[in-house]
Structures are given as C-alpha cells and as structure tokens.
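Thanks for making the time this morning. I would like to take you through one model, so please have the sequence and the structure open as I talk.

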Amino acid sequence: MTTTDHDDEPEVQPFEVGEVPSAKSIRRFTSQAANSRGGATIGSLLGGVYYAVISIAISVAVALGAAQAMRASLPEAPDVEAPLQLSLATLVVVIIVALAGALLSLAGRLGPVGAGGAEAAWWLALPVDRRGLLRPAARRLPLLAGFVAAILVALLDAGLLADPGLRVARVATTAALVAVGIVLLAAVGQSAGVSRRSLALAGDVLLFLAPVAAVVLARVGWSVDEVPGAPWWFVVGLVPVVAALAVVVDRRLGRIPSRTLRESGSVATQAVGAVVSMDSRELGRALTDGAAAPVRRWLSPLTTARGPASALVTADLVVLRRSARHVVQLVVAALVPVLVSTVPQLASPIGVLFAVLIAGSVAMSATGEGARRAEMAPILDRLLPLEAKTVRRLRMVVPAAAMLLWSLVAFAAVGRWASDVPGWIALGIASTPVWAAAAVRGSYRPAPDWGGALVSTPMGALPTGVATVLARGPDLVILCLLPVWIAVLLRTVNAPLLYAQIVLSIIAVAIASSIRTRSLMESLMDAQEQERAARR
Amino acid sequence: MPKKPVIRAQDLIVGYGGAPVCAPVTFTLAAGKVVALVGANGSGKSTVLRAVIGLLEPSGGTLRVFDNPVDERDVAFRTKVASVLDDDAYFPALTVSEHLYLTARGHGVHGAQEVVAGLLAEFGLTDHARSLPVALSSGQRRRLLLAAGFVRPRSLLVLDEPEQRLDRAMRDRLASRIVAEKEAGGAVLLATHDPDLLRAVADRAVHVADDVTRLLPTDQAADLISRENP
C-alpha cells in the first residue's frame with residue numbers, strides 16, 4: 001500500500017489513479033450491464049414500445065370519445081339565473097387550478113429529483129459530475145407531468161366544452177408546458193433547499209383554495225362563459241420560459257444534497273412500487289410520509305384518553321389532524337357535490353350521483369389513516385386490552401365523525417338541488433356509518449393476492465385475487481348505500497329509503513367489524529376442500 | 001507546523017428535525033489514526049457518522065473535515081472520503097465484480113479489473129464474482145460493501161459497525177485491513193460494538209450517549225462494550 005500527499009492530506013491508494021470518467025459513461029456502464037441480463041431482444045423491446053404506444057393511444061381515444069359522448073348528453077345551460085349557480089367553464093377552470101395544486105403537491109412529495117436505493121448508494125459517492133448522473137431522473141417527472149396534463153386538459157376541453165380541434169391542441173400544449181413548468185419550479189425549489197414539506201403544502205393550499213374560490217364565485221354570481229384560451233403567441237412565449245427553467249434546474253442539479261436525493265428517491269421508489277403492485281394504502285403512506293414533519297413541534301396531551309377505548313379513538317383523531325393532506329382531501333371532497341349541483345349542465349341525477357360517489361370515496365379514504373397505520377403495525381391494536389372486533393368498531397369512530405361533517409355539507413347541497421334539505425341531511429346522517437365502515441374495511445384488507453386465478457380479457461389478463469382484495473371497502477359503498485343512489489336517481493327521499501339506509505348501515509358496520517380476512521366465497525371453498533380431504 | 005486534523009468535531013449536535021439524538025460530541029481525528037465511536041444501540045453513533053459524511057446536516061456545534069465544513073456536493077470531498085454504511089441497496093442486474101468495478105472506475109482507478117480481483121480474493125468473494133446481489137447471503141453482501149470502501153482511493157474511511165454479519169475470521173482480516181489503512185496514513189472513523197475490533201484497531205474511543213459524550217482510552221471503551229453486551 002502506498003501513500004501519496006495530495007493537498008497536504010495523505011491519500012491511501014494502493015493503485016494508480018487517472019482521470020475520472022464522465023457521468024454518461026457511468027450511466028451507460030450500468031444500463032449496458034442491466035440490458036445484457038434483461039433477456040430482452042431488440043425485437044421484443046420494440047414490440048413492447050409498440051404495444052405501449054398503441055395502448056395509450058387507444059386509451060386516450062376511448063376517453064376522448066367517452067367525454068364527448070358525455071358532453072353530447074349534457075343539457076344546455078338554462079337561461080334563468082339561479083341564486084347559486086356556476087357555469088361549466090368556470091368549473092373546468094377550477095378543476096384545472098386544483099389539478100395544478102395537486103401536481104405541485106405531488107412533485108413536492110416526490111422530490112421531484114431523487115436517486116433511488118442503488119443509485120444513491122453506488123453513484124452519488126463517485127467524484128463524477130453529479131448533474132450528468134441525475135439528468136435522466138430530473139427529466140422523467142416533468143415530461144410525465146406534461147404528457148398527463150395535456151391529455152387531461154384536452155379531455156376536459158374537448159369533452160366537456162366541445163371546443164374545435166385547433167383550440168384543443170393549443171389548450172393541451174399550454175397545459176403540458178404549464179405542468180412541466182410547475183414540476184421544474186418545484187425542482188428549482190428543491191435545489192434551493194426548500195423542503196419537500198413546504199412544496200407539498202404550497203400545492204395543498206392551492207388545491208384547497210380552488211374549490212373554496214369556486215363556491216365564493218358561485219355565491220357572488222361571477223362566472224366565465226368559456227375557458228380562457230391562451231393565444232398562440234402566449235403558448236410560443238411559454239416555450240422559452242420553460243426551457244429557461246429546465247436549464248436552471250439542470251445547472252443546479254449538482255447543488256442538491258445527497259441526503260435530499262436519497263429521501264426523494266426513497267419516496268419515489270416506494271410510490272412507484274405501490275402503483276405497480278396496485279397497493280393504494282402503500283401509495284398513501286409513501287406520499288404522506290414523504291412530506292411529514294420529522295419532529296412534532298407539539299405533543300398531543302391526549303386529554304380525551306380516559307381508557308383503552310377513548311385512547312384508541314384519540315390516537316386516530318391525532319393521526320388525522322396531523323395529516324394536512326387528508327384534511328385538505330376531506331374539505332375538497334365535501335365541496336365537489338356542492339359545485340356539481342350548482343352547474344346546470346352537470347346537475348342531473350347521474351351527475352350528482354357520480355359526484356357523491358366519487359367525492360364520498362375520496363373523503364372516506366382520507367379518514368381511515370389511523371386504521372391503515374394499525375394494519376401496517378398490528379401491534380398497535382394488540383397493545384390495548386380490547387377485543388379485535390371492538391378495536392375495529394372503535395376505529396370507525398373518527399371516520400364516522402369526519403364523514404358526518406362531510407355528509408352535512410354534501411347532502412345539504414344535494415338537498416338544495418332536490419329541494420328537500422332536511423330529508424337529504426337525514427339520509428346523509430343515516431348513511432354516515434357506511435362510509436366509516438367502508439374506510440375501516442378497506443384499511444384492514446389483506447395484501448393483494450397475485451397468486452389467484454387469472455381471467456383472460458380483451459384488455460389482458462385480470463388477476464382476480466387482486467381485484468377481490470381491492471374491492472374490499474368500495475363494495476360496501478356500492479351495495480350498502482343503495483338507498484342513497486336510488487334516492488339521487490329519483491331525486492327524492494322518502495321514509496322507506498331512510499329506513500332501508502339505517503338497516504344497511506347496521507349491516508355495513510357488522511361486516512366491517514368482522515376480523516375474518518377471507519371472503520365468504522373463499523371460506524366456503526376452504527370448507528369444501530377440508531370436507532373433501534376428510535373424505536379421502 | 002503540526003498538520004491539521006482530518007476531522008474536528010467541537011460540541012457537535014446531531015439529530016433529526018432539530019431534536020438531538022445524543023449529547024454534543026467533541027473529538028478530533030488525525031491522519032494515520034483510528035477513532036471508534038461506541039455506545040448503546042440508538043445512542044447516536046450512526047447519526048454522527050452520517051453528519052461526518054454529509055448525509056445529515058448538524059444541528060449545532062462545529063464539524064470540519066479536511067479543515068472545511070462538510071459538503072459532500074464538493075467533488076474533492078467525495079474523492080477523499082470513503083464510507084461504508086449499512087446501505088443494503090444494489091443494482092439488481094450488476095454482478096458483485098461489476099459493482100466493485102463501477103466504484104473503482106468511477107474514481108479513475110487504473111487497472112480496475114486487477115484491483116477488483118485482488119479485493120474479491122481478500123474479502124472471500126472470488127467464487128461469487130459473477131453472482132448477482134440477490135444470490136448473496138447477508139454476510140456476503142456486507143463483504144461486498146466493505147470491499148467497495150477499499151476499492152477506491154481515500155484519505156478518510158468511515159465505517160458503520162463494519163463487523164456486523166461477519167464471521168470471526170473475516171473480522172480479523174478486516175482488523176488487519178484497518179491497521180494497514182492507518183499505517184499507510186489514512187484516517188479511519190468507525191462505530192463498533194466489537195471490543196476485539198476496537199482493541200485491535202482503535203487509537204481512541206468516543207463514548208456516545210444521551211447525557212454526556214466522553215473520550216475514553218481504547219481498553220476502557222472495550223470493557224464498556226463488553227459490559228453493555230455481555
């Protein structure tokens with residue numbers, strides 16, 4: 001072993017050291033080794049790309065067709081001005097602003113620039129130009145955001161507003177550029193040392209303000225007749241702005257500390273893994289933990305904890321209160337039925353039904369954080385001297401309380417639409433236990449079973465084991481809220497529907513209290529199998 | 001004129017979100033010396049190491065490495081500082097030897113193939129040179145990480161509990177390697193729970209704890225570890 005003096009520091013180097021290679025060659029070495037063992041030929045790779053492009057194109061075309069069909073079925077806006085009314089174009093603008101907030105929040109939570117496990121461990125310690133190593137990762141999220149934004153806004157514009165083709169192209173291009181710009185701005189913030197939490201919070205605030213502003217606009221009677229379309233000169237002007245942002249990000253990539261890259265990479269890896277394995281709970285955990293405060297500035301005194309039951313409920317409440325994302329999710333979801341019922345073209349029974357179903361599901365998923373945490377760490381439930389079924393029931397208390405607030409807002413709006421506010425609020429209150437039960441049932445569902453039977457469909461193989469597991473929770477929403485759906489379609493609430501809802505709510509709570517992990521069908525099949533084995 | 005220390009930590013406070021994980025730490029590490037951090041599980045040893053290599057921003061105090069504030073974004077810092085943490089992350093498609101080759105070539109090592117072959121033999125990985133990480137045992141993966149720390153030039157080597165998951169023979173070989181490192185003028189900062197490794201390699205020890213951190217002679221620190229881990 002030899003020692004050399006370098007900058008007054010002895011350097012241990014039992015070998016000759018020359019020029020450090022370029023970052024590109026490091027990336028190429030890694031990818032070539034991976035490709036050589038991937039087993040994929042050029043033909044199969046091209047085939048994969050071909051099928052991906054075709055699938056995306058078909059999906060976009062189908063979605064566009066569906067949106068246009070929906071638009072064709074929308075009634076014309078009435079000439080008469082209602083006291084609380086919002087134009088469809090205003091709603092689209094609100095949705096676009098909310099999407100921008102959601103994108104900023106997501107970009108903040110994911111980094112947006114990061115280095116996953118192996119890259120962080122083996123690349124970041126090398127004395128090569130870090131910018132070159134991170135460049136592909138830095139491009140990925142902005143490009144994906146631009147692509148998705150273009151399609152979403154094109155769907156909204158072409159589908160709901162039926163604008164001519166050239167305008168759609170212009171709007172989609174603008175959306176793509178703005179989305180890329182938002183992610184790049186988040187990356188500039190990241191390189192300047194802005195925390196992921198702050199970026200996510202900024203996005204959450206925008207997401208929160210969009211529907212609130214819409215309600216205020218509806219109250220004051222201000223609406224736009226059409227989505228303000230950006231002229232071509234504006235679109236062309238956006239290009240150099242976004243390009244300049246991209247250059248700034250590229251120049252600052254080397255300034256992002258390794259610890260930040262590692263954290264972001266870890267969150268992104270967890271989130272991608274959750275998406276690939278279709279595990280929404282894991283995705284929620286990744287996005288929540290990615291922007292969580294490392295240390296609480298205040299500790300909850302847990303003053304309402306007087307025994308095991310109240311301790312559990314208090315803990316659930318603290319978990320929900322500490323997650324800004326879930327609180328924003330609840331508020332935004334409560335305002336969706338309000339907004340939909342104020343847009344004349346959407347305020348049909350079908351439109352309101354979808355608004356209540358989707359917004360309710362979004363709100364419901366925000367309330368089950370305590371149960372989801374407990375499912376991840378079962379010891380939390382076992383720490384308290386409570387029966388498992390009792391624990392499940394107690395875990396429904398906070399979701400029920402949160403969904404009660406949601407129901408009061410959402411069903412009051414539906415009641416105003418149906419001209420019977422007290423009746424609909426009564427139905428909303430009666431249906432609250434179903435949402436809570438669905439939240440807890442969904443939180444405690446087992447991991448997706450990828451070993452189950454595959455059903456061949458024109459869209460490819462469908463893993464039934466996964467679908468069965470993912471349906472736990474939403475199944476209660478669909479089945480046990482049937483009286484609500486019927487009432488919305490009939491636009492009226494009556495006593496039989498109210499009583500039926502109360503009975504179904506009791507059934508839903510009973511189902512969600514069950515601690516069986518296997519479905520009724522699976523249990524029957526197990527029993528049959530045991531019977532056969534006993535006979536043999 | 002005496003040379004400046006490789007590491008100088010003065011009342012260094014480390015932690016997460018502003019909450020310190022241990023009492024302020026003070027120590028210096030000179031070239032050709034080994035300092036060991038000892039303490040119970042969760043006492044903050046690894047957190048101190050992470051601050052030294054720039055993976056964690058200190059909450060307070062002074063920390064200078066090579067007489068500069070720690071900044072791992074600086075290429076010169078990455079050239080001089082090698083670290084082996086418990087990062088159990090590997091490129092799934094790269095073999096054992098390719099991981100080492102990547103590290104060696106990334107540091108501009110000439111004749112990287114020969115250097116890698118030598119280290120594979122030294123760490124008992126020659127038979128697994130063409131294996132993918134997924135095929136390795138936990139101990140073999142640990143040896144791969146350690147080999148990666150030695151396959152590149154360095155002035156400071158930071159090791160986090162390097163004895164973990166190693167058998168006795170490999171621990172002895174590692175101890176010899178660390179002794180050779182300091183004899184060649186390298187500085188080594190390590191955290192350890194192994195009293196034998198501590199006695200074999202360390203010149204001084206820092207006992208990291210919640211209430212107070214203190215410098216200890218090696219033997220006293222080794223006895224302390226033995227008492228904590230009977």
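This is a predicted model: local features need pLDDT of at least 70, side-chain atom pairs count only at pLDDT 80 or more; totals for chains, interfaces and linings use all residues.

Let me begin with a question: in β7(B), which residue is the bridge partner of Val65(B)? The partner is Asn68(B). Residues are numbered from 1 along each chain as its sequence is written, and chains are lettered from A, and ligands numbered from 1, in the order in which they are written.

Helices (H or I, at least four residues) and strands (E, at least two) are DSSP runs numbered from the N terminus, and two strands pair if DSSP finds at least two bridges between them. On that basis, chain B has an open antiparallel sheet of 4 strands, in the order β4-β1-β6-β7, with β4 (25-29) and β7 (68-69) as the edge strands, each pairing on one side only.

Strand β1 (residues 7-13) of chain B pairs with β4(B) in the antiparallel sense over 4 bridges, and there Leu12(B) stands opposite Val25(B). β1(B) also pairs, again antiparallel, with strand β6 (residues 60-65) of chain B over 5 bridges, where Gln10(B) has Thr62(B) as its bridge partner. Finally, β6(B) and β7(B) run antiparallel, joined by 2 bridges, and in their hairpin, which has 2 residues between the strands, Phe66(B) takes a positive phi near 55 degrees.
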